[in-house]
Amino acid sequence: MKALPWYANYPAHWRADIGYQSATPLTKLFWRDAVDLIWEAQADGRLLINGRVPTAAMLASVMGASLEAVEAAMREVIEIGLADQDPDGAIVSRRMRRDMQKRACDQANGRRGGNPDLILSLIHISQ
């Protein structure tokens, strides 16, 4: 699936996330880059590169960081509860997963004509 050109990235969401606020500065930078990669992967909130779970070395290369820094950040995002990890080792953004699921649901509703309650209300108003 082709990635959409944007996603909702509100500063207030980052500021309100206690996990993100408690992270080290390096982990915050890692997580911001990781969220962008997760969005580009369009893989249900999972951090993938070319459809595969990336190694720390791959992420270090992509992010322009040292291997040690990326390994530490990967551990920290899981330890502080900023992200989950799938059984196959992929880092998962719960928020991105929820946002993608909501978008899919909204698209399905749109294909069916939108909110049926709203359409019924408009019919009653016009009568």
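Q: Which side chains meet in a salt bridge at 3.8 Å, N to O?

A: A salt bridge is a side-chain nitrogen of Lys or Arg within 4 Å of a carboxyl oxygen of Asp or Glu. Here, Asp99 and Arg95 meet in one, at 3.8 Å from N to O. This is a predicted model, in which local features need pLDDT of at least 70, side-chain atom pairs count only at pLDDT 80 or more, and totals for chains, interfaces and linings use all residues. Residues are numbered from 1 along each chain as its sequence is written, and side-chain values use heavy atoms, with hydrogens and water left out.

Q: How many residues apart in helix α6 are Asp99 and Arg95?

A: Start with the general idea. An α-helix has 3.6 residues a turn, so residues three or four places apart point the same way. Asp99 and Arg95 are 4 residues apart in helix α6, so about one helical turn separates them. Helices (H or I, at least four residues) and strands (E, at least two) are DSSP runs, numbered from the N terminus.

Q: Are Asp99 and Arg95 buried, exposed or partly exposed?

A: Buried means under 20% relative accessible area, exposed means over 50%, and partly exposed lies in between (1.4 Å probe, protein chains only). Asp99 has 32% relative accessibility, so it counts as partly exposed. Arg95, at 36%, is also partly exposed.

Q: What span should helix α6 have?

A: The expected span is 1.5 Å times one less than the number of residues. Helix α6 covers residues 94–111, which is 18 residues, so it should span 26 Å. Its end C-alpha atoms are 26 Å apart, which agrees. After α6 comes Gly113, with a positive phi near 105°.

Q: Which residue forms a salt bridge with Asp84?

A: Arg94 does, with the closest N and O atoms 2.8 Å apart. The pair links distant parts of the chain: Asp84 sits in strand β1 and Arg94 in helix α6, 10 residues apart. Asp84 is partly exposed, at 33% relative accessible area. Arg94 is partly exposed too, at 33%.

Q: Where in the chain are Asp88 and Arg46?

A: These two form a salt bridge, their closest N and O atoms being 2.2 Å apart. Asp88 is in the loop between β1 (84–85) and β2 (91–92). Arg46 is in the loop between α3 (25–41) and α4 (56–63). They are 42 residues apart, so the pair links distant parts of the chain. Asp88 is partly exposed, at 47%, whereas Arg46 is buried, at 17%.

Q: How many salt bridges does a search of the whole structure find?

A: The search finds 5.
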